[in-house]
Amino acid sequence: LEEGHPWGLPALRGAVAALHGGLRASNVLVTAAEDGAYLVVHALLRQGDMVVAMWPLPQRLVEVAAERGCRILYWRPAAGPGGRMAYDVGQLRALMGSSSPAIFPKMLIMAAPHNPTGFAPAAAEWDDIVAVCQKYGSYLLCDERQ
């Protein structure tokens, strides 16, 4: 009996890598969303780590970090132009840098497009989010639904 492709179909892994320039198919693991998030959180986070989480967020994404004993800080939306709820990257920057260097957040957990606000970062906002994570040495776990 053949096991199949536990890392995902090679053609799919290659296609995903091609979408994210600079990756090789060997850098890609294809999983179901819940399984992948669970594996990433368990591999990278330990008790006492700080995590910034977009809120509201699917409960499963935050619960695993909380169960690991992580401290959760919430990045909450605010009303933007026309009353539409949106996430301010400036607020994220302040939240990520609000701790002492010894305990900068180890991970940012987010979803985009976001449910229920519909927030989907523009390319420049994605660049800012990634730059904030790089500045503080934080992992970015994003449940993409595009």
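**Aromatic pairs**

I searched the whole structure, a predicted model, for aromatic pairs and found four. To count, rings of Phe, Tyr and Trp (its six-membered ring) need centres within 6.5 Å; planes under 30 degrees apart are stacked, over 60 edge-to-face, and the rest tilted.

I looked up tryptophan 75 and tyrosine 87 next. Their ring centres are 5.2 Å apart and their planes stand at 70°, so I noted the pair as edge-to-face. Tryptophan 75 sits in strand β2 (residues 71-75) and tyrosine 87 in the loop between β4 (85-86) and α4 (89-96), so this pair ties together parts twelve residues apart in sequence. Helices (H or I, at least four residues) and strands (E, at least two) are DSSP runs, numbered from the N terminus.

Are these two buried or exposed? Tryptophan 75 is buried, at a relative accessible area of 0%, and tyrosine 87 is buried too, at 3%. (Buried means under 20% relative accessible area, exposed over 50%, partly exposed in between, with a 1.4 Å probe and protein chains only.)

Then I checked tyrosine 87 against phenylalanine 119. Here the ring centres are 5.4 Å apart and the planes are at 55°, so the pair is tilted. It links distant parts of the chain, 32 residues apart, with phenylalanine 119 in the loop between β5 (107-112) and α5 (123-136). Both tyrosine 87 and phenylalanine 119 are buried. I wrote down Trp75, Tyr87 and Phe119 as one aromatic cluster.

**The nonpolar core**

Which residues touch the most other members of the largest nonpolar core? I found Trp75 and Ile109, in a core of 35 residues. (Such a core is a set of buried Ala, Val, Leu, Ile, Met, Phe, Trp, Tyr and Cys residues joined through side-chain atoms within 4.5 Å.) Strand β5 gives this core its largest share, six residues.

**The largest pocket**

I turned to empty space. Rolling a probe the size of a water molecule over the atoms shows where such space is left. The largest pocket holds about 1000 Å³. A pocket, on a 1 Å grid over the protein atoms alone, is an open set of points where a 1.4 Å probe fits, with protein on both sides within 12 Å along at least five of seven lines; lining residues have an atom within 4 Å of a point. The volume is the space filled by probe spheres set on the points, which are joined across faces, edges and corners.

I counted 25 lining residues, with Val16, Leu29, Val40, Leu141 and Cys142 nearest the centre. Two or more come from each of α1 (10-19), α2 (33-44), α3 (59-67) and β6 (139-144).

A cis peptide bond joins tryptophan 55 and proline 56, with omega about 0°. I placed proline 56 in the loop between β1 and α3. Most peptide bonds are trans.

Arginine 93 is in helix α4 and is partly exposed, at 36% relative accessibility.

**Confidence and ground rules**

The chain's mean pLDDT (the predictor's confidence in each residue, from 0 to 100) is 86, and 94% of residues reach 70 or more. Confidence is lowest in β4, at a mean of 80, and highest in β1, at 94.

I numbered residues from 1 along each chain as its sequence is written, and side-chain values use heavy atoms, without hydrogens and water. In this predicted model, local features need pLDDT of at least 70 and side-chain atom pairs count only at 80 or more, while totals for chains, interfaces and linings use all residues.
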